[in-house]
Amino acid sequence: MACVAFLIGASILATPWYVVLVLSLVWVAGLVVAVRWFTPHPTWVPWLPVGMTVVWFAVVAGGAAVFDWNG
């Protein structure tokens, strides 16, 4: 989750501020889910950062292609 937080933070160089804000809120929600899953489903927790990285990439690459974000 920490690595994904750095990706989201660095996105401010290529995306508008409101996209970074939304991605940050999604990250916080993912962190809450990871903390809640840690004891009952420990094998699910590593998949959260993987999924969040896919979401981050889709938002940044898709937004750059569709909305022509130039940073």
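User: What makes Leu7, Ile8, Ser11 and Leu23 contacts of Trp56?

Analyst: Contact means heavy atoms within 4.5 Å. Once neighbours within four places in sequence are set aside, Trp56 meets that rule with Leu7, Ile8, Ser11 and Leu23. The model is predicted: local features need pLDDT of at least 70 and side-chain atom pairs 80 or more, while totals for chains, interfaces and linings use all residues. Numbering starts from 1 along each chain as its sequence is written, and side-chain values use heavy atoms, without hydrogens or water.

User: How many helices and strands are there in the protein?

Analyst: Three helices and zero strands. From the N terminus, the order is α-α-α. The C-alpha trace spans about 40 × 15 × 15 Å along its principal axes.

User: Why is Ala34 called buried?

Analyst: Buried means under 20% relative accessible area, exposed over 50%, and partly exposed in between, with a 1.4 Å probe and protein chains only. Ala34 has 9%, so it counts as buried. This residue lies in helix α2. Beyond its neighbours within four places, Ala34 contacts Val45 and Leu48. Val45 is eleven residues from Ala34 along the chain, yet their C-alpha atoms are separated by 5.6 Å. Across the protein, 28% of the 71 residues are buried.

User: What share of contacts joins residues 24 or more positions apart?

Analyst: The share is 57%, counted among contacts with a separation of 6 or more.

User: What makes the largest nonpolar core a core, and which residues have the most contacts inside it?

Analyst: A nonpolar core is a set of buried Ala, Val, Leu, Ile, Met, Phe, Trp, Tyr and Cys residues joined through side-chain atoms within 4.5 Å. The largest set here has 14 residues. Met1, Val4, Ile8, Leu23, Trp27, Met52 and Trp56 have the most contacts inside it. At least two core residues come from each of α1 (2-10), α2 (17-37) and α3 (47-67). The top contributor is α2, with five.

User: How do you know that α2 has close to its expected reach?

Analyst: The expected span is 1.5 Å times one less than the number of residues. For the 21 residues of α2 that gives 30 Å, and the distance from first to last C-alpha is 30 Å. Its buried residues are Val19, Val20, Leu23, Trp27, Gly30 and Ala34. They fall within an arc of 90° seen down the axis, so they line one face of α2. That arc is taken from the directions from the helix axis to the C-beta atoms. α1 and α3 are among what covers these buried residues. On the face turned away sit the exposed Trp17, Leu25, Val35 and Arg36.

User: Why does the span of α3 agree with 1.5 Å a residue?

Analyst: Its 21 residues should span 30 Å, and the end C-alpha atoms are 29 Å apart, so the two agree. Buried in α3 are Leu48, Pro49, Met52, Trp56, Val60 and Gly63. Their arc is only 95°, which puts them on the same side of α3. They pack against α1 and α2. Trp47, Val54, Phe57, Ala65 and Val66 are exposed on the face turned away from that side.

User: Why is Asp68 called exposed?

Analyst: Its relative accessible area is 52%, so Asp68 passes the exposed cut-off. Asp68 is found in the segment after α3. Its phi is positive, about 55°, although Asp68 is not a glycine.

User: What volume does the largest cavity have, and what makes it a cavity?

Analyst: On a 1 Å grid over the protein atoms alone, a cavity is a set of points where a 1.4 Å probe fits but cannot get out. Points are joined across faces, edges and corners, and the volume is the space filled by probe spheres set on them. The largest cavity comes to about 30 Å³. The count is one cavity of 30 Å³ or more.

User: Which residues line the largest cavity?

Analyst: Lining residues have an atom within 4 Å of a point. Val4, Ile8, Leu23, Val26, Met52, Val55 and Trp56 qualify. α3 gives the most, with three.

Notes: Helices (H or I, at least four residues) and strands (E, at least two) are DSSP runs, numbered from the N terminus. On a 1 Å grid over the protein atoms alone, a cavity is a set of points where a 1.4 Å probe fits but cannot get out, and a pocket is an open set with protein on both sides within 12 Å along at least five of seven lines; lining residues have an atom within 4 Å of a point.
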